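Subject: Structure handover

Hello,

Here is the structure for your files. Please look it over with the notes below.

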Amino acid sequence: MQTRLQEMKESALGQISQVTEAAQLQDLRVKYLGKKGELTELLRGMGSLSPEERPVVGQLVNEVREALEAAFFGKQKAFEEAALNAKLSSQTIDVTLPGRPVPAGTMHPLSRIIEEIEDIFIGLGFEVAEGPEVEMDHFNFEMLNLPKDHPARDMQDTFYVTEELLLRTQTSPVQARTMLKKEGKTPLKMICPGKVYRRDDDDATHSHQFTQIEGLVIDKKIGMSDLKGTLLTFARQMFGENQQIRLRPSFFPFTEPSVEVDLQCFNCGGQGCRVCKQTGWIEILGAGMVHPRVLEMAGYNPEEVSGFAFGMGVERIAMLKYAVEDIRHFYTNDVRFLRQFNRG
């Protein structure tokens with residue numbers, strides 16, 4: 001029994017040393033150490049040994065098993081290291097190569113338009129003011145010559161939190177708050193950008209939430225000519241130096257007289273096309289001279305000062321400037337649309 005164990009050990013070690021593949025090594029492991037392997041078969045023959053021989057043979061069996069397991073482990077380790085080295089060699093990384101650039105985001109087109117409009121009016125001496133989006137009815141309507149029973153409120157139906165608290169329908173409340181802070185002092189030149197809310201059905205040209213920029217000027221001897229000159233300067237800086245505007249009579253409760261301001265169609269140059277519906281003009285904003293009642297409520301004497309106000313939708317300006325046909329593109333966060341505005 002001892003001789004057979006020694007011969008099996010030497011034979012197994014010799015075969016293990018010559019193995020070149022992991023599959024062959026596994027076959028040898030089963031052959032010698034498996035449940036039906038040679039070492040197991042030898043152990044079954046220990047029943048025929050004498051009581052004196054059994055401890056000696058048992059110890060030898062353990063020594064042989066340990067020697068074979070160590071040989072198998074060492075060979076398996078060598079195979080694994082060789083496979084890893086081969087993989088590392090085939091997947092070598094050249095650390096001197098430049099890294100792959102990470103794509104950077106870009107400014108949202110609406111944010112860009114707001115910034116451009118602010119830059120234009122700051123250059124004209126205007127200040128930028130902001131106010132709360134959740135506003136009091138007093139500032140959103142009443143301070144703008146829209147008492148609670150005024151029918152024009154229906155044109156700006158909004159989202160009410162309580163009877164006296166609502167989501168603002170325009171940024172005009174910022175003007176009212178600013179006028180009160182000025183306590184009747186002039187001159188006052190300001191614009192107020194921000195989000196506004198109205199109960200509109202969302203479609204290609206309307207949204208229940210949109211962005212607005214309103215402007216206000218109050219001083220002595222302010223007339224319609226000042227309003228037109230300011231808006232013409234804005235139109236030419238925003239849409240091109242050859243642009244023209246026209247003023248059409250309109251109605252707003254907080255201005256008198258009131259006008260709609262049209263921009264000469266940039267697509268046809270005023271000749272008439274499908275963009276301007278064959279009129280040669282495109283409406284861009286509303287404006288007018290500040291109503292005397294609004295001046296009085298804000299602490300100004302309409303006999304001594306006058307002013308003009310205007311309001312524009314940022315989305316409207318962006319749609320015209322970038323030829324965007326659907327306002328919803330600005331809000332759906334489609335990177336294919338937004339990527340077009342990447343200056344980089």
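**Backbone notes**

Pro 257 sits in strand β7, which spans residues 255-264. Strands here are DSSP runs of E with at least two residues, helices are runs of H or I with at least four residues, and both are numbered from the N terminus.

Before going on, two points on the source. This is a predicted model, where local features need pLDDT of at least 70, side-chain atom pairs count only at pLDDT 80 or more, and totals for chains, interfaces and linings use all residues. Residues are numbered from 1 along each chain as its sequence is written, and side-chain values use heavy atoms, with hydrogens and water left out.

Back to Pro 257. Its peptide bond from Glu 256 is cis, with omega near 0°. Another cis peptide bond links Thr 186 to Pro 187, with omega about 0°. Pro 187 is in a loop, between α7 (172-182) and β4 (188-197).

Why flag these? Most peptide bonds are trans, and most residues other than glycine have a negative phi.

Phi also needs a look. Lys 221 is not a glycine, yet its phi is positive, near 60°. This lysine lies in the loop between β5 (209-219) and α8 (224-239). Lys 221 is exposed, at 82% relative accessibility. Exposed means over 50% relative accessible area, buried under 20%, and partly exposed in between, using a 1.4 Å probe and protein chains only.

Lys 277 also has a positive phi, about 60°. Its loop runs between β7 and β8 (281-290). Lys 277 counts as exposed, with a relative accessible area of 70%.

Best wishes
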